[in-house]
Each structure stands twice: as C-alpha cells, then as structure tokens.
Amino acid sequence: MARVFRGADALTRTLRSAGVARVFTLSGNHVMPVFDATIDAGVSLVHTRHEAAAVHMADAWARLTGEPGIALVTGGPGHANAVSALYTAQMAEAPVVLLSGHAPNSQLGMGAFQEVRQAEMAAPVTKASWTCASVDEVVADLARAIGLARSGRPGPVHLSLPTDVLERPADPGRVPGAQAFDGQAQALPAADAKAILARLWQAKRPLVLAGPACMTKRGRERLRALEAAIAVPVIGMESPRGIGDPSLGAFAQVLEKADCVLLVGKRCDFTLKFGQPPALDAGCSLVQVDPEPPEIERTRRAVGARLAAAFVADAMASIDALAACARERGIESGAADALAAWLAEARAAIAWRPPEWDRAAASERDRLHPVQACRPLQKLLDAHPDSVFVSDGGEIGQWAQACLSAPNRVINGVAGSIGAGLPFALAARAAKPDVPVVAVMGDGTFGFHVAEIDTAVRYGLPFVAVVGNDARWNAEYQIQLKDYGAERLVGCELRPMRYDKVSEAFGGYGEQVTEPAQLGPAAARAQASGLPACLNVMIEGVAAPVVRRPG
Ligand SMILES: Cc1ncc(C[n+]2csc(CCOP(=O)(O)OP(=O)(O)O)c2C)c(N)n1
Ligand SMILES: [Mg+2]
C-alpha cells in the first residue's frame with residue numbers, strides 16, 4: 001500500500017526529534033492514525049488500562065528522566081478520563097504533554113462522535129490547552145506544547161488533535177531540530193543573586209525553601225550543592241502536608257524560628273500556611289524568586305511588606321546561580337561560624353524521628369504497625385544507587401515517607417490526590433529498567449489503578465508494591481474520629497481484601513504479610529520474582545505521624 005505522509009506521521013516524527021521514544025496511551029478511534037504512525041517513526045507505545053493511568057505514567061516518567069512525559073488518549077470520554085490525572089502533574093510541576101484525539105474540525109458543531117470542548121475541559125489543570133487548527137500546524141503546535149511544559153514553572157500542557165488534522169497529507173520537510181523544544185529560559189542575573197545572598201547572610205536564622213520542580217534526583221543534588229555553598233539550610237517541599245510533612249521531621253519547629261526565608265519556585269500557599277504566624281514568625285522577612293509574576297503577587301497579598309524583595313527567574317537556574325555566586329564570593333568567616341550552628345540545628349530537626357518508633361508495635365493481633373510495615377523496605381532501596389521509592393495513599397503514605405528514603409522519590413505530591421502509585425511504579429521501572437522500585441500505598445489507593453498490574457506484566461516491568469492494608473480509607477476515617485466522634489463513623493470502611501491474590505490473578509507475584517518478621521524475607525522474594533509484585537501487609541490503621549521534638 002503506497003503510504004501518504006500524514007499529520008499523524010508529522011506528529012510522531014516530531015516526537016522523535018524531541019527525544020521522545022515512548023508514549024503512554026490507551027487506544028481509541030480518534031488516535032488510530034497516530035498508533036499507525038508510531039510504527040514507522042520508532043516511537044513505542046505503553047498501552048494501559050485507563051487514561052488517567054497513562055497520564056500518571058507520563059508524569060512519573062517526566063520526573064524521573066527530565067524528558068517530557070507524553071500521554072496519548074482518544075477524544076471525548078478518553079480525554080475526560082485523562083484530565084483528572086493532570087492535576088497531580090500540575091501540582092508536582094512535571095512537564096507532561098497530553099495529546100488527545102478529537103472530532104474532525106470539518107464536523108465541529110455538527111454533533112460529531114464524541115465531540116466535546118476538550119481544550120476548555122483541560123484548561124484549569126494545564127499551563128496551556130488548545131486544539132490544532134490544521135495539518136500545517138501540527139509540528140509547530142507540538143514543539144510549542146513541549147517547550148511550554150518544560151519552561152518556567154514546569155507543568156502539563158494539552159493539545160487536542162482533530163482526526164482530519166491527523167489523516168490529511170502533511171509536508172514531510174517540516175520536522176524541527178531538537179532546539180525547537182527548549183522553551184524560554186529566565187536566568188537570575190548575577191547581581192540579583194549577590195543581593196539575595198547578602199540578605200540571607202545578614203540574617204541570623206535564614207532558610208531557603210524550594211518547590212516541587214526541584215524535587216527530582218538531579219534537583220535534590222543541586223539543592224544539596226547550594227546548601228554546601230551558602231551554609232544556609234535548603235529544604236525542598238513537595239507534600240500536601242506542607243510544613244507538617246513528616247518526611248521533614250521536626251521542620252515546622254525550625255521554620256517558626258527563621259528570620260529570613262527565601263522562596264525559590266516555592267509557592268506561598270496552604271503548604272506554608274500562607275506565610276502567616278505562627279508558622280512563620282511575624283518578624284520573618286521573605287524573599288522570592290519565581291518564574292511566574294502572579295505567584296509573587298500572591299505572596300505580596302498574603303504577607304504584605306514582609307516580602308522584602310522579589311525576582312522573576314526559573315527555579316533550578318536560580319539555585320545554580322546562587323551556588324555559583326556564593327562559591328565566587330565566599331562567605332565571610334564570622335557569618336560562616338554563626339550559620340554553621342543554625343544549619344546543624346535545622347538538619348538535626350529534619351532528621352529527627354520519635355525514638356518510640358523504634359519500639360512501635362500493633363495493638364491488634366496479626367497486624368503490623370505502619371513503621372513495621374515500612375522500615376524493613378529500606379534494605380531494598382539501599383541495594384542500588386539509583387533506586388526509586390514511590391509513595392501514595394492517605395495515612396500509610398505519610399508513614400512511608402517519614403520512614404523511607406531513596407535517591408529517586410516519586411510521591412503523589414502537593415495535589416494530595418490518591419491513586420497514582422501503581423502507574424508511577426510501572427513508569428519508574430520503564431524509566432530505570434535495572435533498579436529496584438518500591439511503591440508503598442494504601443489499600444484504598446491500590447484499588448484505583450489495580451488493572452495496571454496487567455500492563456506491567458505485559459511489558460515485563462517488575463516492581464514491589466507494598467499495600468498497607470487497614471481495610472479502610474483511614475485518612476478520612478481519622479478525620480471523622482477527631483471531628484465527629486467514634487459513634488459517627490460512616491462511609492470509610494473497606495474489606496480486608498487479598499490484594500496479593502489480585503496481583504497473582506493478573507499474572508504478578510503476591511504474598512500476604514501479617515507478622516513483622518515476615519516482611520523483609522517477603523520483600524526479598526517479591527524482588528527476586530522478577531514480576532510486578534504485591535505484598536498485602538495487614539496493618540493497624542493509625543493516624544499519620546505529626547513529628548514534633550519535645551523541649
Ligand atoms: C482522588 C482523591 N480522592 C479522594 C481523596 C481523599 N482521600 C485522601 S486520603 C484517602 C484515604 C486513602 O485510603 P488508603 O489508600 O487506604 O490509605 P490510608 O489512609 O487508609 O492509609 C482519601 C479517600 C483524595 N485525596 N484524592
Ligand atoms: Mg487504608
């Protein structure tokens with residue numbers, strides 16, 4: 001059959017020249033020309049069981065590789081399913097592009113099959129969202145979408161692709177080079193970096209807070225390099241629990257003592273209690289570096305004149321510029337000595353965990369305390385310098401994040417949205433084929449995308465999923481207990497399901513764990529199975545930890 005070079009071919013070829021070799025997808029009438037075009041372009045498909053899972057996979061892929069994560073779904077209902085997952089990527093500041101098939105432009109307004117205003121639907125959860133107008137614009141639209149997703153505050157972008165755009169003959173000469181996808185960079189000028197450092201070094205207890213985009217492995221390495229260069233505590237924040245994030249130990253007690261806080265790509269939102277006392281001291285000044293002027297305005301509205309200075313620049317570039325400036329200038333020795341004690345105090349508070357956790361035990365029989373369900377997993381994560389820790393869920397997610405660490409960490413993030421854990425684990429293994437991937441999640445959370453075990457089996461992508469099974473939506477149950485009382489618990493109970501058997505039925509590995517001593521060996525067997533594995537760990541449903549240091 002003689003082949004015509006179509007809009008769909010222009011799209012897939014442009015993806016390849018952007019360095020994209022894999023897209024996460026679910027089939028549908030509108031995108032079948034794109035499926036067909038991937039064969040010749042050398043783009044491989046990971047086809048999933050739900051469109052939201054495809055977006056979550058693209059999100060984890062983006063966070064772990066630094067490449068744009070691409071999800072491809074069909075129009076109408078496929079697009080609607082995908083949109084929900086964009087919120088997690090948006091709040092995590094992950095460069096994701098959602099490509100959705102769409103009713104043909106030639107039939108717009110006529111009641112076409114699955115015709116719906118897709119771009120409007122995705123607009124609130126994306127940086128930009130539009131419909132490709134003609135086959136001549138496919139290449140430029142895709143390049144713009146990828147550039148936008150990666151620049152400034154990274155985040156998701158949506159492009160709808162009408163079927164007539166995908167099917168019409170396209171100009172094969174139009175595919176751009178790699179630089180077309182770069183987006184616009186906003187640097188922090190050296191003079192501004194110098195002024196910011198002067199403010200930090202004049203303070204007695206300064207802190208630097210970085211936002212979610214800085215929480216990739218590479219980002220966290222750069223935050224550590226900045227801390228070493230400026231001798232000021234540098235803390236990345238990516239949790240919906242904000243300053244109460246238990247993975248930051250007793251950080252809230254450090255923050256309330258700070259006298260100058262520099263926000264780099266960190267929003268002054270609910271996670272920072274809007275910068276108000278007592279979370280931040282009333283005398284604490286703020287300095288902000290952010291790629292988006294409206295964020296700076298938001299901070300000014302929240303804290304008024306306490307925002308002492310603000311600069312528009314990209315977060316990661318600013319982190320590097322501040323470190324370079326500090327290395328060039330050097331800290332005066334007096335300032336360095338004073339800051340050393342503060343830095344040590346902050347680091348000790350963040351590393352602190354209640355000593356009673358070492359003796360934590362469940363009060364019910366055949367159950368583990370969440371600490372017992374998490375700590376033995378550290379061994380798997382420590383086995384490789386590039387291992388991946390995934391965490392999702394309500395209370396169990398908080399315990400896992402407080403107890404476990406790894407070079408790569410992918411959590412559901414500031415969105416506070418549950419359900420992405422299994423798609424994250426699958427995409428993590430796809431991104432890093434040789435490293436252990438350990439994903440801890442709640443029983444409720446596991447159910448959202450449990451069918452992705454099938455996807456993982458089909459693609460040979462093993463990981464160890466640990467379900468902390470308390471047979472309830474515990475985070476909400478705990479709210480009911482606290483706010484309404486034990487006699488008014490309603491609508492949050494689940495069954496003590498054998499999720500390990502569900503995994504086996506999909507072709508994965510499964511084991512149930514009811515005793516603390518079983519977990520380490522079970523995790524080793526799960527890892528050795530070479531299959532997507534589910535350890536169904538029966539836990540006592542206790543409230544998430546609130547870490548405060550006595551005294
Ligand atoms: C998409 C979405 N739906 C609902 C919620 C509200 N929610 C937050 S945590 C939680 C319970 C999660 O249950 P599980 O995964 O079993 O973890 P547990 O809290 O029991 O440890 C719920 C329903 C949410 N955050 N996101
Ligand atoms: Mg639960």
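Before you click anything, here is a definition: a residue is buried under 20% relative accessible area, exposed over 50%, and partly exposed in between, using a 1.4 Å probe and protein chains only. Asp 366, at 36% relative accessibility, therefore counts as partly exposed.

This is a predicted model, where local features need pLDDT of at least 70 and side-chain atom pairs count only at pLDDT 80 or more, while totals for chains, interfaces and linings use all residues. Residues are numbered from 1 along each chain as its sequence is written, chains are lettered from A and ligands numbered from 1 in the order in which they are written, and side-chain values use heavy atoms, with hydrogens and water left out.

**Stop 1**

Keep Asp 366 selected. It has a positive phi of about 55 degrees although it isn't a glycine. Asp 366 sits in the loop between helix 13 and helix 14 (370-374). Helices here are DSSP runs of H or I with at least four residues, and strands are runs of E with at least two, numbered from the N terminus.

Now hop to Glu 93, in the loop between helix 4 (77-92) and strand 4 (96-102). Its phi is positive too, near 60 degrees, and Glu 93 is not a glycine either. Is Glu 93 buried or exposed? Its relative accessibility is 6%, so Glu 93 counts as buried.

Next, select Pro 277 and Pro 278. The peptide bond joining them is cis, with omega at about 5 degrees. You'll find Pro 278 in the loop between strand 9 (260-264) and strand 10 (285-290).

**Stop 2: Thr 126**

Go to the loop between helix 5 (118-122) and strand 5 (129-131), where Thr 126 lies. With a relative accessible area of 9%, Thr 126 is buried. Which residues is Thr 126 in contact with, leaving aside its neighbours within four places in sequence? They are Leu 86, Gln 90, Pro 156, Val 157 and His 158; contact means heavy atoms within 4.5 Å. Pro 156 is 30 residues from Thr 126 along the chain, yet their C-alpha atoms are separated by 5.0 Å.

**Stop 3: helix 9**

Select residues 217-230. The 14 residues of helix 9 should span 20 Å at 1.5 Å a residue, and the end C-alpha atoms are 20 Å apart, which agrees. (The expected span is 1.5 Å times one less than the number of residues.) Among the buried residues of helix 9 are Arg 220, Leu 223, Leu 226 and Glu 227. The buried residues pack against several elements, including helix 8 (190-202), strand 7 (206-210) and helix 12 (315-329).

**Stop 4**

Zoom to ligand 2, a magnesium ion coordinated by Asp 443 (OD), Asp 470 (OD) and Arg 472 (O) at 2.1 to 2.2 Å. Distant parts of the chain are linked here: Asp 443 is in helix 18 (residues 443-448), while Arg 472 is 29 residues away in the loop between strand 15 (463-469) and helix 20 (474-483). Donors are N, O and S atoms within 2.8 Å of the metal (3.2 Å for Na, K and Ca); water is not among the atoms, so sites may look incomplete. Asp 443 counts as buried because its relative accessibility is 2%.

Then select ligand 1. Of the 17 residues around it, Gly 416, Asp 443, Gly 444, Thr 445 and Asn 474 come nearest; to be near, a residue needs a heavy atom within 4 Å. Helix 16 (395-403), helix 18 and helix 20 each supply at least two residues of this shell. A polar side-chain atom of Thr 445 lies 2.6 Å from an oxygen atom of ligand 1.

**Stop 5: Asn 536**

Asn 536 counts as buried because its relative accessibility is 0%. Its side chain makes a polar contact with the side chain of Asn 469 at 3.1 Å.

Technical notes. Polar contact = N/O pair within 3.5 Å; in protein donor to acceptor, adjacent residues only side chain to side chain.
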